[in-house]
Amino acid sequence: MIRVIIPHYNNCEGLRDLLTSLTLQTKKTFATTIVDDCSDNIEEVKKIVNDFKDKIKLELLQTSHNQGPGAARNVGLVGIDERFFDYVMFADSDDFLLPRAIELLYKSAKQSNADMVSGPIIRETYLSNEKIPKENNTWCHNKLYKVSFLREHNIYFPFIRANEDSSFNIMANELLDKRIFIDDELYIWRYNKKSITRKDNFYEKYAYLYIDAFVYAYENILGYKSPEKTALFINVPNLYLYYQIAKEMDTTGKQAPYMDAMLTHFFQDYEIIPYIKEKIEEIAAQIKCNFIYEHRIYWFKENFADWLARLGEE
């Protein structure tokens, strides 16, 4: 069976829509866990659970204090009993599943015995819809993960409030043995202007969390594989990009010292620099020197070679 885990915070209307989509699934080979992250109106959440508990297998868990969606998902993940659930799916209370989502994902998982099954996502925005390819490695939506695989490799979400799903998927993709793709569009991601990543000044406040997520993932991965056996060099350009974005957008002056300390520790303790230098030509071809935000171009003030040398030698 599948355990569907839903982190929830102050979105009762969306939660009702998501649970309704679960009641319409063509196969009922799942049970659902809502993990409420200290919503303001927990009584309304309990009422929703009561309204749906006779339609689907449903339980409600609560965090002790508000920690963000990754920590809430971990609460549900830790509680899975492998005797009854071999796969887990994550769904956000903003979104909903099309009727054959559970059926088709689970069928592919059981037939292939894959560690992960992944399909495309329809991203609904306030202007239009777009298709996020089935190969996407950022979001944990429209995917099934084998529970035993996650536990064997200690794969959990970092305790950060943004980019936690990217960190989770970096670990999963680096450490899995088998991944299956399906072509069916089964998951609808809906735009939520109240989401933390859609709020004003997100980059100014939280861009450094991309660095946090990356380091968290690879510190776990490198416990199982040496650097040369990973895709680390593919991800380094994004690491440099988000570092520069965070530094450019930071209005507090606190993000750069925090990131410097984290990356210096990571590069030196895990002897990353020699490996990166071996791949320098491949990496350099992917490096960007600017980014556009709110119709403005920001040029990076530190080139990749200088950045690498500074963090690797401090």
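In this predicted model, helix α9 meets helix α13 through Val236, Leu239, Tyr240, Tyr243 and Gln244 on the α9 side and Phe304, Trp307 and Arg310 on the α13 side. By class, this contact comprises six nonpolar residues, one polar residue and one charged residue.

**Helix packing around α13**

- The axes of α9 and α13 approach within 11 Å and cross at roughly 90 degrees. That angle falls between 65 and 115 degrees, so α9 is roughly perpendicular to α13.
- Helix α13 spans residues 304-313, and its axis also comes within 7 Å of the axis of helix α10, residues 255-269, with a crossing angle of roughly 75 degrees. The helices α10 and α13 are therefore roughly perpendicular to each other as well.
- On the α10 side, the contact with α13 is formed by Asp260, Leu263, Thr264, Phe267 and Gln268. On the α13 side, Trp307, Leu308, Arg310, Leu311, Gly312 and Glu313 take part.
- Sorted by class, the contact of α10 with α13 consists of five nonpolar, three polar and three charged residues.

**Arg310 in α13**

- Arg310 is located in helix α13 and is partly exposed, its relative accessible area being 22%.
- Apart from residues up to four places away in sequence, Arg310 touches Tyr243, Asp260 and Glu302. Tyr243 belongs to the α9 side of the contact with α13, while Asp260 belongs to the α10 side of the contact with α13.
- The C-alpha atoms of Arg310 and Thr63 are 41 Å apart, and 247 residues separate the two along the chain.

**The second largest pocket**

- The volume of the second largest pocket is about 280 Å³. Its lining consists of 13 residues, and Leu241, Tyr242, Ile245, Lys288 and Phe291 lie nearest the centre.
- Helix α9, residues 232-249, and strand β12, residues 290-293, each contribute at least two lining residues to this pocket. The largest share, six residues, is supplied by α9.
- The lining of the second largest pocket is made up of nine nonpolar residues, three polar residues and one charged residue.

- Helix α3 covers residues 69-78, and seven of its 10 residues are buried, so the helix is largely enclosed by the rest of the structure.
- The buried residues of α3 are Gly70, Ala71, Ala72, Arg73, Asn74, Gly76 and Leu77.
- Among the elements covering these buried residues are β1 (2-8), β2 (30-36), β4 (87-90), α5 (147-152) and α6 (164-175).

**The loop between α5 and α6**

- Phe159 is found in the loop between α5 and α6 and is exposed, with 59% relative accessible area.
- Leaving out neighbours within four places in sequence, Phe159 is in contact with Gln67, Ala71 and Asn74. Ala71 and Asn74 are buried residues of α3.
- Although Phe159 and Tyr216 are 57 residues apart along the chain, their C-alpha atoms are separated by 9.6 Å.
- Asn163 also lies in the loop between α5 and α6. With a relative accessible area of 12%, Asn163 is buried.
- The phi of Asn163 is positive, at about 65 degrees, although Asn163 is not a glycine.

**Two further residues**

- Glu271 is placed in the loop between α10 and α11 (272-278). A relative accessible area of 60% makes Glu271 exposed.
- Glu271 has a positive phi, near 50 degrees, in a residue other than glycine.
- Ser118 sits in strand β6, residues 116-118. Its relative accessibility is 0%, so Ser118 counts as buried.
- Beyond residues up to four places away in sequence, Ser118 touches Lys134, Asn142, Lys143, Arg179, Ile180, Phe181 and Ile182.

Methods
Residues numbered from 1 in each chain as written. Predicted model: local features only at pLDDT ≥ 70, side-chain atom pairs only at ≥ 80, totals over all residues. Heavy atoms only, no water. Axes fitted to C-alpha atoms, helices over the stretch in contact; angles between N-to-C directions. Helix = DSSP H or I, 4+ residues; strand = E, 2+ residues; numbered from the N terminus. Parallel < 35°, antiparallel > 145°, perpendicular 65-115°, else oblique. Contact = heavy atoms within 4.5 Å. Nonpolar A, V, L, I, M, F, W, Y, C, P; charged D, E, K, R; others polar. Buried < 20%, exposed > 50% of the residue type's maximum accessible area, 1.4 Å probe, protein only. 1 Å grid on protein atoms, 1.4 Å probe; cavity = no way out; pocket = protein on both sides within 12 Å on 5 of 7 lines; lining within 4 Å. Points joined across faces, edges and corners; volume = space filled by probe spheres on them.
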